Amino acid sequence: MDHEYAGVSPLGAADSKGASNAMILCCECGVPIQPNPANMCVTCLRNHVDITENIPKQAVLHFCRNCERYLQPPNEWIQASLESRELLAVCLKKLKGLKDVKLVDAGFIWTEQHSKRIKVKLTVHGEITGGTVLQQVFVVEFTVQNQMCNDCHRTEAKDFWRCLVQVRQRADNKKTFYYLEQLILKHKAHENTLGIKPEHGGLDFYYANENHARRMVDFLQTMVPGKVTTSKRLISHDIHSNNYNYKYNWSVEIAPVSKDSAVCLSKKLRHQLGNLSPLCLVNRVSSSIHLIDPLTAQIAELTSQVYFRAPFEAICNPKQLVEYVVMDIDVIMEKDRKSYPGQGQVSFKHALCDIWVVRASELGINDNPIHTRSHLGHLLKVGDSVMGYNTGEANINDPEFDKLSPELIPDVILVRKHYDRQARLSQRVWKIKHLAAEATDERSKYDYHEFLDDLEENEDIRGQINIYRDSNKTIPIDGQAAGGDVPQITLEEMLEDMTLECADDGMGEDEGGADEAEPQL
């Protein structure tokens, strides 16, 4: 090991500088030197005194290869890159004898990245007998040893978890769940999970820390209407130290309604929401449930607390939609709408209209169109296809629906305008990511494509999630002319997806295929 000394600086040197230049002999070797408290030359001081003898010249650093963190004693793991200030602080804390000397400078000496060696060059000052101050430069070599941290231990042990968050939605349609999945991905709420496991009707999130699980539950309650139940199970108990080891479980039940579902409200709830019609449509599901009355275009917002105080389920789901063709339409002007005291807020985005429709399968056979009132006057025109619920033929089992008189039940409830599916798929040059695996059953695929259609039709919904441009598809130059009035997502709303391509095994192609798969819920 190389030792460098800056020299000897005697106490009181400033007083004797101008007095005389007298020389004395070193008490060890007899070499003429200037007087100093030790009466020895630099060479003899180096042979007799070592101010770094209490500082170890070799040490060990523990490094976790999975998360790439270093152990900072006693039990803290920190993220630090090579030759960074954080790594230098970890190295200095491993040296116990530094408190006896004054550290002047510290820096790294270059080593091969894969050599598992880190060298640090230190410059210290130390005071010896008589007040003489020595400066010494030395090198400490750290050996990097692999050691798995506690968090990675829990990750590798698949069944080891302390907290479980179960997210469920007991409904026939899963569009609300797909929307929640995109919110989780955008806000990166799943970063601290040990694992995500698809289950029937939802997902399970496993955590090692109770705070991370509580943060996830708070996020879910903020984004979607849900009810949370908590339980815990005793795993072990130390009677001497009075320590308890529990496993915690949170069950988040999402409201079993989704966009475009038809619901039947109770009489008490209708009065609370501004005298809505008994049969309403779910216009949107976010942190609360947004309802719209198709007969009056009146809207209402239902919070999670109000919903679970008097819960209701959907009487008709989007898979029961029937295609109709518009034969005639008469838009009702705003001045001709009926208003009454206590009426709730009316939507100005929708236009109320009287409309006459014929079932698409009976077009040309049945000459008697069905009259109904709808809130889609701003979208529909004669000859358009529209999806709606046939309440006369639907099998509805609901106690509130059975109480309604026939005059309050319309023959058809129109839900949304229908576009050609092939035209939509040909112009869909975007994709979204997901947490779960690929869907296999037809019902899940149908719900997933219905959710993609909702993203194209509703700008407010797609503004809350991340949409990526699909590099495997080309953007048509005359897309608007080819698709007509088919709603599309513009290129400005898409994000560029980063894919890592490997020439050896085609890893980038595999990742691209996984992103296009539908999630299994």
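Predicted model: local features only at pLDDT ≥ 70, side-chain atom pairs only at ≥ 80, totals over all residues.
User: How many helices and strands does the protein chain have?

Analyst: Both are DSSP runs, numbered from the N terminus: helices are H or I with at least four residues, strands are E with at least two. Here the protein chain has 14 helices and 26 strands.

User: What share of the residues is buried?

Analyst: Buried means under 20% relative accessible area, exposed over 50%, partly exposed in between (1.4 Å probe, protein chains only). Of the 521 residues in the protein chain, 42% are buried.

User: What share of the contacts links residues 24 or more positions apart?

Analyst: A contact means heavy atoms within 4.5 Å. Take the contacts in the protein chain with a separation of 6 or more: residues 24 or more positions apart account for 67% of them.

User: How many disulfides does the structure hold?

Analyst: A disulfide is a pair of cysteine sulfur atoms within 2.5 Å. The structure holds zero.

User: What is the strand order in the open sheet of five strands?

Analyst: Two strands pair if DSSP finds at least two bridges between them. The order is β22-β21-β20-β23-β24, with antiparallel pairing. β22 (370–374) and β24 (412–417) are the edges; each has a single partner strand, so one side of each lacks a neighbour in the sheet. From one strand to the next, the twist averages 45 degrees. Such angles run from 0 to 180 degrees between N-to-C directions, with axes as lines fitted to C-alpha atoms, for helices over the stretch in contact.

User: How many bridges join β20 and β21?

Analyst: Seven, in the antiparallel sense, between β20 (residues 322–331) and β21 (residues 353–359). Asp328 stands opposite Trp356 in β21.

User: Where is Asn390, and is it buried or exposed?

Analyst: Asn390 lies in strand β23 (residues 385–390). Its relative accessible area is 15%, so Asn390 is buried. Leaving out residues up to four places away in sequence, Asn390 touches Tyr324, Arg359 and Asp411.

Technical notes. Residues numbered from 1 in each chain as written. Heavy atoms only, no water.
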